[in-house]
Each structure stands twice: as C-alpha cells, then as structure tokens.
Amino acid sequence: MGIISAIGNNVAENYSALIEGKKGISRVAKIDTVHRDAIMVGEIAASNQELIDELGLAPENNYCRTAMLGAIAAKQAVADANISAIKKYKTGLISATSVGGMDMTERFYYDYLEDKNLQKYIEGHHAGDSTQKIAEQLGIEQSLVTTISTACSSAANAIMFGARLIKSGKLDRVIVGGADCLSKFTINGFKTLMILSDTYNTPFDENRKGLNLGEAAAFLVLESNAVVKAENKKVLAYVKGYGNANDAFHQTASSENGDGATLAMEKALKVGGLLPKDIDYINAHGTATGNNDLSEGRAILRVFGENLPEFSSTKAYTGHTLAAAGAIEAVYAILALQNNIIYPNLNFKTQMKEFEITPQTELKEKELETVLSNSLGFGGNCSTLIFSKRA
Amino acid sequence: MSELKQELKEKIIEQLNLEDVSVDDIADDDSLFGDGLGLDSIDALELIVMLDKDYGIKLSDPKEGRKIFESIEVMASYIAEHRAK
Amino acid sequence: MNSKNYIQAFSHIKNNTVSLNGNPIYNLPEQNFSVFIKAAYKHLETKYSKFFKMDNLSKLAFLAADILLKDSKSEEDDIAIILSNRASSLDTDRKHQSSISNAEQYYPSPAVFVYTLPNICIGEISIKHGLFSENSFFIFDRFNADYLLDYAENLLQTNKAKKVLCGWVDFDEENYEAFLYLVDKQGDTIHTKEEITRLYTL
C-alpha cells in the first residue's frame with residue numbers, strides 16, 4: 001500500500017495521525033482562492049516543487065499535482081509489495097481521478113497564449129494523462145492501464161475492477177487506487193452547491209454543516225493467489241467482497257433512504273458470502289453533508305439493523321478527497337484490520353435526530369476480521385468494499 | 001410588482017432550462033417545488049445564484065431558499081423588499 | 001472466446017444523424033449540436049422535460065440510450081451500464097471554468113458544476129429507466145472494444161447483471177459521437193470484439 005494525504009506522507013505517518021486523533025484540516029494555503037477564509041480543507045503539506053524533487057523529475061516535466069501525488073503513492077505501494085521486477089507477471093494499473101490536470105489548467109489557462117513554455121501542461125490536463133504518468137513511473141507496459149472517473153466512488157471502483165481482473169485471470173497483479181489534488185474548480189463548484197463547511201467537518205452530527213475538500217493519493221497492489229504463493233508474499237488483507245449500484249435518484253443528491261448504498265452493501269456482502277453480523281467495523285463515506293450522512297445512515301441501518309457494528313468516518317481527519325477517497329479509506333480499513341483498531345469519528349457532539357445511532361467517537365481496540373468501506377459518488381454511483389484477514 | 005413577477009417567470013424559464021414551459025403556464029401562486037413546477041434541489045441553488053447576480057441578495061443557508069421560492073408571489077415580495085440592485 | 005451472449009440492439013448518434021440498428025431514424029444536417037439534439041428529442045417523442053437541464057454529453061448519452069431502452073421489449077431493470085470516452089466531461093468543465101475565471105462577474109452555476117463528471121450521464125439514464133444496477137465510466141484514448149467486451153462478459157457470466165448497456169459517448173466542442181449497444185442472452189449479432197468493432201464503424 002502507499003498513501004499521501006493531509007495527515008501524512010506515507011502509510012506509517014497516516015496511521016500515527018489516525019491513532020493520535022491528529023486531523024489534517026486547515027485553511028487552504030497553496031491555492032489562491034477568494035474563498036480562503038470561508039472554507040477549510042485537507043491540504044497536503046508538500047509544495048509542487050517538493051513533489052517534483054521527491055520524484056526526481058526533470059525541469060521540463062509537465063506533471064500536474066494529481067499525477068505527482070499519484071506517482072508517489074503508487075511507487076510506495078510497489079516498494080511495499082517488494083516488487084523488484086514489475087514485468088515478471090501480467091501487471092496492470094487502474095487509477096481514478098476527477099480533477100486530473102485541472103490544477104495546472106486553471107493556473108495557466110490565460111498564460112498559455114503568451115508563454116509557450118507553459119503549454120506543456122495542456123497535455124497533462126486529461127484525466128488519462130495522470131494515469132499514464134503513473135504507469136511510466138512504475139515502468140509498466142501498456143498492457144492494461146486505464147482510468148476510472150466516477151466521482152467519489154472512483155477509487156473503490158478501481159479496486160473492485162482490479163479484483164475482478166485477477167479473479168477472471170486477465171491479470172496476475174494490478175495496482176489500483178486514485179489521486180486528486182485541490183483545485184479552484186472543485187472548490188468553487190462545491191461552494192456553489194452550498195455543501196462546504198466553514199469549519200471542521202462533523203460527520204454524522206446533527207449540526208453538520210458540510211464537507212471539507214481534501215487532496216490525497218493512495219494505491220494498493222492486488223495480487224493473485226498464484227503470485228502470492230510463488231513470491232512467498234505476506235498478505236496484508238483480502239478483498240473479500242465488493243458491490244456497485246446506482247441510486248437512480250438525482251445527479252448529485254442521494255435518495256432519502258439510501259437505496260443505492262443499501263444495494264451496494266448488500267451486493268458486497270453477497271459476493272463475500274458474508275452476513276451483516278460478520279462485519280466488525282464500517283468505515284463510512286460520511287462526508288458530513290446534510291444529505292449524505294442521513295442517506296447513508298439510513299442505508300446502514302437498513303442493511304445491518306440489530307447487527308450494527310461500530311462505524312466512523314475518517315473524513316474529519318483528511319477531508320473528502322473525491323476520487324482518491326475510496327483508496328485512502330481502503331488503506332485505513334486495512335490498517336484497522338492489521339492493528340485491530342477502530343478509528344474515532346472526530347468532532348462528533350450531537351446525535352442526529354433521525355436515528356438512535358452514534359458513530360464510534362473514541363479510539364477503540366477490537367479484534368477485527370472484516371471491515372466494510374463505503375464510497376458514494378455523484379451520478380448515483382455507490383460502491384462498497386469489504387476487506388478481510390482471511391481469504 | 002407585476003412587472004417583477006413577469007420578469008421572474010421569464011428568468012426562471014431561461015435559467016432553469018424549462019423549455020416545455022411558457023410564462024402563461026406559471027400562475028403567481030403555483031407551487032414551484034414539489035407538485036407544481038417540480039423543481040429540484042439544484043434548481044433551488046440556481047435560484048440562489050440568480051438572487052445574488054440579478055438582485056444583489058445573498059443567501060447563506062440553502063434552507064432559507066425553500067421558503068422564499070415557494071411561489072412567484074412569495075419570491076417577488078421577498079425580492080421587492082430586499083433587493084440591492 | 002466462445003461467447004453465449006449477443007448484441008441485441010445498437011444505436012449511433014453522429015453527423016447529426018440518429019440511427020437504430022444501423023438504420024437512420026432521424027437526421028438534421030447543417031445545424032449545430034444543440035439544435036439537432038433538441039429536434040431529435042422532439043421527433044423521437046422522448047417526453048422527459050429534465051432532458052433540457054442536461055449538459056451536452058448527458059443529452060447525447062441519454063438519447064442514444066433511450067432509443068435502445070425504449071425499444072427493449074422486456075421489463076428488465078437489471079441492466080448494468082458501462083460507458084467510456086476520451087474527453088471525459090471536458091465540454092462542461094470548460095463552461096464551469098469560464099464561470100469562475102471572471103473576478104468581476106463571478107457566478108458559478110450549480111447546474112453546470114453538477115455535470116463536470118463524465119458518469120453523471122449514467123445517473124441520468126438510471127434515473128429515467130429506474131436502473132439500480134452496476135455502472136462504471138472509463139476514460140480511454142480511443143474506442144476500446146476489448147475492454148468493454150471483457151467487462152460485459154464478466155458481468156453476464158457471473159450473473160451480476162441480466163443485460164449490459166455498453167458504449168462510447170464522447171463530446172468535445174462540436175465533435176461528438178455516441179455508439180451504444182445492449183448485450184443480452186439473445187440477439188442477432190454474436191458478442192465478440194470483431195462484431196463490436198464492425199458495428200461501431202457502421
């Protein structure tokens with residue numbers, strides 16, 4: 001696994017922050033936006049120059065921030081998986097993004113006509129370009145490299161799709177995940193939808209005011225049983241179940257009773273041959289918007305009822321990292337499994353009036369076998385992943 | 001006031017892409033959301049932007065919008081009272 | 001691969017022409033996309049007023065899908081949707097971008113922003129036809145029959161869906177094209193890469 005987010009530049013740092021309750025939310029520093037004082041974000045500390053230096057890119061490079069974050073996380077994952085000869089097995093890359101190279105485009109759009117040197121970023125705008133760059137950084141042949149763009153569920157879908165490709169034998173190994181950086185495009189867009197909070201986001205709280213945007217990248221290396229055996233690999237977790245469904249309600253709002261989320265969770269349980277009572281912890285999508293938390297809360301109750309395990313959203317730590325969310329939360333789910341730890345749902349004060357459930361508010365040690373993670377995206381795209389210690 | 005109402009009907013049709021609807025189809029007290037014109041949450045946000053852009057009224061809470069946008073009648077009164085442009 | 005699945009029907013929208021199973025059913029030359037697609041909507045008696053709020057990509061995908069799904073005789077609602085394109089949501093992205101570029105006239109539109117993701121068109125299709133099925137959107141350099149074939153076959157063989165609506169819907173300035181097809185257990189054309197490619201180029 002590999003990850004870079006507002007709470008750390010690698011897996012270990014992210015984990016420390018999670019157990020220490022250290023959130024990465026602050027006022028936006030690196031983007032020159034008129035909304036600076038009206039919003040808070042989960043911004044990664046490193047500047048673009050620092051990312052360039054870390055990757056050792058030539059000055060003429062045209063990497064946008066998304067591509068750099070993605071490359072860093074993907075390389076970490078590959079190193080963590082002890083892969084020295086990446087082409088030894090049929091290896092693919094599925095990356096998710098919604099922002100792509102928008103950060104550069106919005107900075108240099110008007111300058112493109114004047115300054116030919118900046119035009120190099122034009123190519124980098126395309127969502128597929130960051131994926132391409134990540135593939136180049138990893139040295140993967142163009143066997144199977146693709147980009148998924150389904151909003152906030154993108155990375156979860158990448159993981160799901162990767163798992164399927166291995167299951168069907170099309171690939172032996174696949175690097176899956178996503179990356180998205182902050183941009184004025186998304187800041188302004190979400191602002192006009194009036195779902196940004198002006199303070200720290202409070203998932204599942206009665207007085208929640210909206211989400212904090214975040215930036216991050218995370219990748220996981222999925223390998224088939226054959227590869228694991230041949231290379232004598234230590235397995236961090238198994239992708240036990242997955243499900244995707246459409247909410248078929250509205251372009252961006254979720255249905256009142258979370259139909260799409262309910263279906264996705266039910267499908268994931270079915271694929272994994274599991275019952276609701278088998279789930280030990282739910283890492284919720286929990287963006288802290290009025291709509292999501294109500295809809296998702298209802299869906300969780302519909303699926304789990306009496307068997308509701310502890311649940312929390314980690315977006316109070318990192319913000320909502322859009323297309324990368326499914327991937328960073330997969331990493332957190334796996335870390336939870338490995339360490340038998342449930343993360344607190346930070347900033348929670350008041351139970352929502354619509355239900356009697358509250359998220360887990362304190363760090364808790366609990367023996368975990370399986371963890372479920374939700375990622376619900378615009379366009380009604382709802383995805384659920386289930387990770388387990390056992391195959 | 002009736003000029004404002006006329007103006008509002010025209011703007012709403014234009015802004016919200018209500019191609020099948022004409023100004024005559026909208027009665028002053030028709031419910032804009034729900035059963036009436038059937039506008040949705042995004043339409044409400046668009047109207048909030050319109051209030052700011054065309055009439056200089058800034059709303060910070062989307063829930064306020066639902067009350068103001070109940071009907072053309074209600075909208076027009078509100079705008080007449082609070083407009084800055 | 002020996003597929004037991006078939007392409008039941010397919011649609012094209014390109015060059016100001018709407019075709020179903022290779023037969024043109026509407027045509028309006030010499031007009032821009034906006035005029036053409038609205039005229040097609042009327043001619044095809046689509047009757048769905050939310051159409052007018054959609055962005056260009058969604059209008060294109062919606063109509064191409066609507067003629068297939070309307071035509072589909074079964075009441076099937078477990079139809080997975082797997083779409084793809086090259087330009088993602090660029091056309092609408094540009095509109096959003098320009099609305100936030102002018103510091104004086106600073107009024108980004110929520111209705112525009114909502115479409116700055118390519119998979120929203122899938123949402124629109126799902127909403128109209130009540131489809132709660134699996135759905136995904138991929139970005140490729142060019143039409144990729146292999147990929148769509150594998151994905152659809154996988155879904156059908158593992159019973160994750162009863163039918164799959166696949167295709168390519170691309171919109172970039174005035175360059176647009178849509179090719180959608182329904183994969184099912186019966187149909188006239190066998191579901192293979194060659195056949196998909198052949199139909200794409202019709």
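Student: How many bridges join β5(A) to strand β5 of chain C?

Tutor: Helices (H or I, at least four residues) and strands (E, at least two) are DSSP runs, numbered from the N terminus, and two strands pair if DSSP finds at least two bridges between them. Here 2 bridges join β5(A) to strand β5 (residues 135-139) of chain C, and the two run antiparallel. In β5(C), I139(C) is the bridge partner of T147(A). Please note that this is a predicted model, in which local features need pLDDT of at least 70 and side-chain atom pairs count only at pLDDT 80 or more, whereas totals for chains, interfaces and linings use all residues. Residues are numbered from 1 along each chain as its sequence is written, chains are lettered from A and ligands numbered from 1 in the order in which they are written, and side-chain values use heavy atoms, with hydrogens and water left out.

Student: How many residues does the contact take from chain A and from chain C?

Tutor: Contact means heavy atoms within 4.5 Å. Chain A contributes 46 residues to it and chain C 41 residues. Buried area is the accessible area (1.4 Å probe) that two parts lose on being put together, summed over both. For chain A and chain C that area is about 3,600 Å², with 61% given by carbon and sulfur atoms. In chain A, the residues that lose the most area to chain C are R164(A), F185(A) and Q251(A), together 18% of what that side buries.

Student: Which polar links cross between chain A and chain C?

Tutor: A polar contact is a pair of N or O atoms within 3.5 Å; within protein, one must be able to donate a hydrogen and the other to accept it, and residues adjacent in sequence count only if both atoms are side-chain atoms. Between chain A and chain C, 17 residue pairs are in polar contact (both at pLDDT 80 or more). The element that gives the most to the side of chain A touching chain C is α8(A), with 7 residues.

Student: What is the count of salt bridges between chain B and chain C?

Tutor: A salt bridge is a side-chain nitrogen of Lys or Arg within 4 Å of a carboxyl oxygen of Asp or Glu. The count between chain B and chain C is 2. One of these joins E19(B) to K38(C), with the closest N and O atoms 2.7 Å apart. In this interface, 14 residues of chain B are in contact with 12 residues of chain C, and the buried area is about 1,100 Å².
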